[in-house]
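Please open the model in your viewer and keep the selection tool at hand.

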Amino acid sequence: MAGPYVLQLGDCTVACSYMLPHQRGEVRLQERLREAYSDPTIWVGNEGLDGEATEDFLKRYDRTMKRYATLDLIIVRYGVNDRKRYGIAPFRSKLIELCDHLCRDYPQAKVLLETGI
């Protein structure tokens, strides 16, 4: 069985759609993790979307996350678009809601939060 499985969620700072595929964060992270742990089965995925705020991902949560039966680490990086759209307090509330969903659906996974705000 392959794994561990790492998934990145977030906005344009995760999507990096302007970069060539081999330069994107998930590719680089996967390379580094495989090298550091001498494990060629480590997989890193990316569900980041340009312009997305946490509330947008919550709307596509079920459709997106059903693709992942198991995850070991979920890296969440939202905040830039959230702050512009509705401020810090609503962002905090939506981030807690997202984390609650992730912890419920992937109790074995660690959730790592990253944000620029």
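**Stop one: Arg 24**

Select Arg 24, which is partly exposed with a relative accessible area of 22%; buried here means under 20% relative accessible area, exposed over 50%, and partly exposed in between, with a 1.4 Å probe and protein chains only. This is a predicted model, in which local features need pLDDT of at least 70 and side-chain atom pairs count only at pLDDT 80 or more, while totals for chains, interfaces and linings use all residues. Residues are numbered from 1 along each chain as its sequence is written, and side-chain values use heavy atoms, with hydrogens and water left out.

Arg 24 sits in the loop between α1 (12–15) and α2 (25–37), where helices (H or I, at least four residues) and strands (E, at least two) are DSSP runs numbered from the N terminus. Show its surroundings: not counting residues up to four places away in sequence, Arg 24 touches Ala 15, Cys 16, Ser 17 and Met 19, contact meaning heavy atoms within 4.5 Å. Then select Asn 46, 22 residues apart from Arg 24 along the chain, and find their C-alpha atoms separated by 9.3 Å.

**Stop two: helix α5**

Next select α5 (88–105). Which of its residues are buried? They are Phe 91, Leu 95, Leu 98, Cys 99 and Leu 102. Seen down the axis of α5, the buried residues fall within an arc of 100°, so they line one face of the helix; the arc is that of the directions from the helix axis to the C-beta atoms. On the other side of α5, Ala 89, Asp 100 and Arg 104 are exposed.

The buried residues of α5 pack against β1, α3, β3, α4 (80–86) and β4 (110–114). Pick out Leu 98, which, leaving aside neighbours within four places in sequence, is in contact with Thr 54, Phe 57, Leu 58, Tyr 61, Val 76 and Tyr 78.

**Stop three: the core and the whole chain**

Now select Leu 9, Met 65, Ile 74, Val 76, Leu 98, Leu 102 and Tyr 106, the residues with the most contacts inside the largest nonpolar core, which has 20 residues; such a core is a set of buried Ala, Val, Leu, Ile, Met, Phe, Trp, Tyr and Cys residues joined through side-chain atoms within 4.5 Å. At least two residues of this core come from each of β1 (5–10), α3 (54–65), β3 (73–77) and α5, and α5 gives the most, with five.

Finally, zoom out to the protein chain, which has five helices and four strands, and of whose 117 residues 38% count as buried.
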